[in-house]
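I opened this model to look up a few local features. My notes are below.

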Amino acid sequence: MDRAPGLSVRLRLTLSYAAFLMLAGALLLAAVWVFLLRYVPNRALLVAAGTTDTGVFPIRSNLLRVFAPRAAAVMAFLLVFGLAGGWLLAGRMLAPLTRVADAARLASTGSLSHRIRLPGRQDEFRELADAFDTMLAQLEAHVTEQRRFAANASHELRTPLAISKALLDVARTDPDRDAREVIGRLHAVNNRAIELTEALLLLSRANQRSFTREDVDLSLIAEEATETLLPLAEERGIGIETCGDVAPAVGSQALLLQLTMNLVQNAIVHNLPEHGTVRISTGVRARSVVLTVENTGEKLAPQLVSTLTEPFQRGTERTHTDHAGVGLGLAIVKTITQAHDGTLTLTPRPAGGIRVTVELPAISAHTGRAASHSRHVPAAAAV
């Protein structure tokens, strides 16, 4: 933004210091005049003959003639002293701001790794520098995550596009090839690309928090997700159990449903080959509501579990199925949870499988239902 040039802050502070000092000197001289010189007579005192009183009796005009040049010299000294001292003091006071400005210029060029680390005791400048360092650290982490995400997304999107190109090349060079097979494979690859694109858009929407908040009940959302994914569970012989209390919160109904769907689908797909179980529960704590999804399955190392919420990260030997997903399921869950000011916790179960806990802020004052409910869906193998 183009602006008209003006005086620097240091110069304005210097002029302010000098003006204040000059004003103080003027007030001091005025006090001398008001409380001292005004009582000096303006005419010589005549002594009557025959008295013994002697001495010199100055008059006001003589004192003013002597006092005025000295007062002017003092005011000139105060002006020079105020300008010089004010310039030095302003420079020392504004030195921390100069360091912050230098750091901001470096950040504007794309360098986010430097920090101000202002020494000294806690004051306003130190708070400003610490806040700026915190902002730089968050920006650096965000930019790094975005670059890694963009690289992974490009890699993931390139794969279905490359497969589609190869299938089209095969169909063009081999006209006798079964068209139905090629079309079927193209359809599957295209569906995967669409799913990945929709997941990326959902992730971006959650990151920007561009959604309307409303009163929601996590227990009802859990029931809806369970009913939607019940055919998948029956197909795989997985039993689903939902239980818990009403869990009122504030957020996006659609996003929280997507969060629950992702958790339940992951719990169904990454489970035991047969007779596995998925348990979904909701609860209310002092200042939060909790949604927990846990399943049976193979034992997972804590190091592996800690990476599952990263975009395009999948556990070992967990993607060789027809429902492997696009690697964004738990990343979307994490983003939606953060967009609702909640926390996401992943814990491996000792017997195998994983427990995922989503904790969201509760409505501060609500009069929701207090009854609990429970529903058990038997495994398809038992049907």
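**Ground rules.** I am working from a predicted model, where local features need pLDDT of at least 70, side-chain atom pairs count only at pLDDT 80 or more, and totals for chains, interfaces and linings use all residues. Residues are numbered from 1 along each chain as its sequence is written, and side-chain values use heavy atoms, without hydrogens and water.

I looked up the second largest pocket and found a volume of about 390 Å³. Its lining has 18 residues, and Glu 145, Gln 146, Asn 207, Thr 335 and Gln 338 are the closest to the centre. Helices H3 (124-173), H4 (179-208) and H8 (329-339) each give two or more residues to this lining. By class I noted seven nonpolar, seven polar and four charged residues. (A pocket is an open set of points on a 1 Å grid over the protein atoms alone, where a 1.4 Å probe fits, with protein on both sides within 12 Å along at least five of seven lines; lining residues have an atom within 4 Å of a point.)

**Helix H4.** I then followed H4, which has 30 residues. H4 reaches 43 Å from first C-alpha to last, close to the 44 Å expected at 1.5 Å a residue. Its buried residues (under 20% relative accessible area, 1.4 Å probe, protein chains only) include Val 182, Ala 193, Leu 200 and Ala 206. Arg 209 follows H4 and has a positive phi, near 55°.

**Helix H6.** H6 runs over residues 253-269 and reaches 24 Å, close to the 24 Å expected. I found H6 mostly covered, with twelve of its 17 residues buried. Among them are Leu 255, Thr 260, Asn 262 and Val 269.

Most residues other than glycine have a negative phi. Arg 117 sits in the loop between H2 (60-108) and H3. Arg 117 is exposed (over 50%), at 63% relative accessible area. Asp 341 also has a positive phi, about 60°, and is not a glycine. I placed Asp 341 in the loop between H8 and strand S6 (343-348).

**Aromatic pair.** How many aromatic pairs does the structure hold? I found one (ring centres within 6.5 Å). Phe 77 and Phe 81 are stacked (planes under 30 degrees apart), at 5.9 Å centre to centre and 20° between the planes. Both lie in helix H2, four residues apart, about one turn. Phe 77 counts as exposed, at 54% relative accessibility.

Notes
Points joined across faces, edges and corners; volume = space filled by probe spheres on them. Nonpolar A, V, L, I, M, F, W, Y, C, P; charged D, E, K, R; others polar. Expected span 1.5 Å × (residues − 1). Phe/Tyr/Trp six-rings, centres within 6.5 Å; stacked < 30°, edge-to-face > 60°.
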